[in-house]
Amino acid sequence: MASRVFGFLRDMMIAALLGAGPAAEAFFVAFRLPNMFRRFFAEGAFNIAFVPLFARRLEAEGEVEAKRFAEEALAILLTALIVLTVAAQAAMPWVVWALASGLEEETFDLAVTFSRICFPYILFISLTALLSGMLNAFGRFAAAAAAPVLLNVILLGAMAIGAWLGWSMGPVLAWSALIAGVAQLALVAFAAAQAGLTLRLRLPQITPGVRRLIALGIPGVLAGGVMQINLVVGTQVASYFEGAVVWLWLADRVYQLPLGVVGVAIGVVLLPELSRRFRREDRAGANDAMNRAAEFALVLALPATIALIAMPELITAALYERGAFDAVDTQATALALMIYALGLPAFVLLKIVQPAFFAREDTRTPLRYAVWAMAINLIVAIAGAPFIGWAAAAVGTTLAAWVNFAMTWRGALGLGEGIAADQRLRSRAPKILVSAVLMGGVVAATAALTQSLGPTWRLPGLALAVAAGLGSFGVLGLATGAFHVKDLRAAMRRS
């Protein structure tokens with residue numbers, strides 16, 4: 001949550017200083033590159049394969065053998081990352097063209113320059129992801145979750161200093177992103193050392209453990225690559241419409257708040273938990289863990305979805321409309337936000353269903369589903385652009401999310417005992433939805449009232465609408481039986 005709050009402050013500051021102009025578009029394209037590779041090369045595919053294998057070694061063979069396996073994985077990962085970084089630096093103009101070929105010449109040249117500065121970030125953040133996976137397997141989540149806060153704090157500090165000294169803001173953002181990667185790695189490495197998880201550097205070797213890691217990781221890389229192709233398609237389409245890269249980025253950041261806080265966080269905790277339970281043949285425990293995770297996710301994600309649909313313009317105006325970011329930018333970003341919000345439940349629930357496959361060391365099945373989702377995204381985004389413009393990129397992303405979730409859920413039902421929705425989830429899910437929809441009326445009315453009072457009231461109005469939404473959903477949820485106070489108390493206990 002702290003990371004997302006500081007992320008909003010970061011994006012508010014970028015919007016105010018750069019608007020939707022060339023420097024902002026160039027930076028967002030440049031920063032998408034290392035983030036894109038990070039998500040399928042490290043945090044996504046690598047950890048999906050690494051965490052279950054590491055947890056199994058830890059359970060069956062002890063900490064010494066688990067650390068040895070982690071060191072072998074580190075050697076392979078580091079070697080691959082160095083090769084990738086060097087190759088990307090040499091081919092950066094082609095890499096940027098593949099991501100955003102529609103940029104104007106000035107913006108394209110800036111994007112290439114910023115990308116060369118930012119790209120080594122992948123090296124540091126991927127090593128951070130490896131150490132985070134180890135900490136997660138030991139049930140330690142705080143340091144890994146806190147690391148992204150450093151990125152946003154460093155970017156905010158750099159922009160403040162740059163504005164004070166009159167520096168060009170584009171290079172400031174690019175260099176501070178690289179520095180933040182070093183800081184994130186240092187934080188997680190310190191936490192790992194405190195937990196006794198210091199790793200030694202080894203020469204890369206293809207051991208049996210590494211072979212298994214690669215066998216599981218390649219489908220994961222491909223699945224992650226498919227998801228990142230969806231982002232590339234969206235950026236490509238947006239690059240042909242002036243300002244659209246920034247509009248989609250800023251809208252994405254808003255709906256990433258509930259996705260990151262709810263979906264990703266629950267998925268990170270659920271994967272090692274399911275891995276342990278499936279190894280012990282504890283099907284009932286695995287079933288309960290998945291159902292309670294889904295229930296918890298719906299309690300948080302559904303009201304967030306309805307709120308984003310009910311007041312996208314107020315959210316966008318309050319967060320971004322100042323300085324170089326004008327009313328036209330607000331309208332466009334609000335439209336993208338509303339479209340993305342429609343796919344939020346699918347994104348969140350996908351993070352809960354996929355671990356059922358990953359915990360069984362099955363990365364191939366989710367790959368097949370991701371390929372179908374990519375096809376939907378490609379068709380909608382490219383074919384829809386001549387008719388609805390840049391918004392086709394957002395529509396394609398949302399439809400692809402629902403297709404991916406529907407196929408993954410249906411496939412998970414075929415895994416047998418330990419997957420199906422239990423009676424409690426089937427009873428409570430409709431009540432959660434009804435409570436969220438009724439809350440949406442309260443939020444929409446509050447937002448309309450505050451917007452009528454003028455720009456000065458945007459931030460207080462947004463705070464009031466959020467408070468009204470939280471209060472009304474809490475009352476409605478208790479009244480309908482969507483959740484109970486004792487459940488909330490139980491959820492806060494570590495046991």
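How much space lies in the largest cavity? About 150 Å³. Keep in mind that this is a predicted model. Here are my notes, point by point.

1. **The cavity.** Searching the whole structure turns up one cavity of 30 Å³ or more. Its lining is made of 14 residues, and R32, L231, T235, L248 and Y340 are the ones nearest the centre. The elements giving two or more residues to this lining are α2 (22-43), α10 (208-239) and α11.

2. Sorted by class, the lining of the largest cavity has eight nonpolar, four polar and two charged residues. As a reminder of the idea behind such searches, rolling a probe the size of a water molecule over the atoms shows where empty space is left.

3. **A pocket to look at next.** The second largest pocket has a volume of about 1100 Å³. Its lining counts 34 residues, with M1, L257, A304, V466 and L470 lying nearest the centre.

4. **Who builds the pocket.** Several helices each supply at least two residues to the lining of the second largest pocket: α1 (2-18), α11 (244-279), α12 (283-310), α13 (312-320), α19 (423-451), α20 (458-480) and α21 (485-491). The biggest giver is α20, with eight residues. What about charge? The lining of this pocket has 32 nonpolar and two polar residues, and no charged ones.

5. Helix α19 has 29 residues, so at 1.5 Å a residue it should span 42 Å. The C-alpha atoms at its ends are 42 Å apart, which agrees.

6. **The buried side of α19.** Which residues of α19 are buried? They are L425, R428, I432, S435, A436, M439, G440, V443, T446, A447 and T450.

7. **Zooming in on S435.** This residue is in helix α19. Is S435 buried or exposed? Its relative accessible area is 0%, and buried means under 20%, so S435 counts as buried. Setting aside neighbours within four places in sequence, S435 is in contact with F473, L476, G477, T480 and A482.

Definitions and conventions:
Residues numbered from 1 in each chain as written. Predicted model: local features only at pLDDT ≥ 70, side-chain atom pairs only at ≥ 80, totals over all residues. Heavy atoms only, no water. 1 Å grid on protein atoms, 1.4 Å probe; cavity = no way out; pocket = protein on both sides within 12 Å on 5 of 7 lines; lining within 4 Å. Points joined across faces, edges and corners; volume = space filled by probe spheres on them. Helix = DSSP H or I, 4+ residues; strand = E, 2+ residues; numbered from the N terminus. Nonpolar A, V, L, I, M, F, W, Y, C, P; charged D, E, K, R; others polar. Expected span 1.5 Å × (residues − 1). Buried < 20%, exposed > 50% of the residue type's maximum accessible area, 1.4 Å probe, protein only. Contact = heavy atoms within 4.5 Å.
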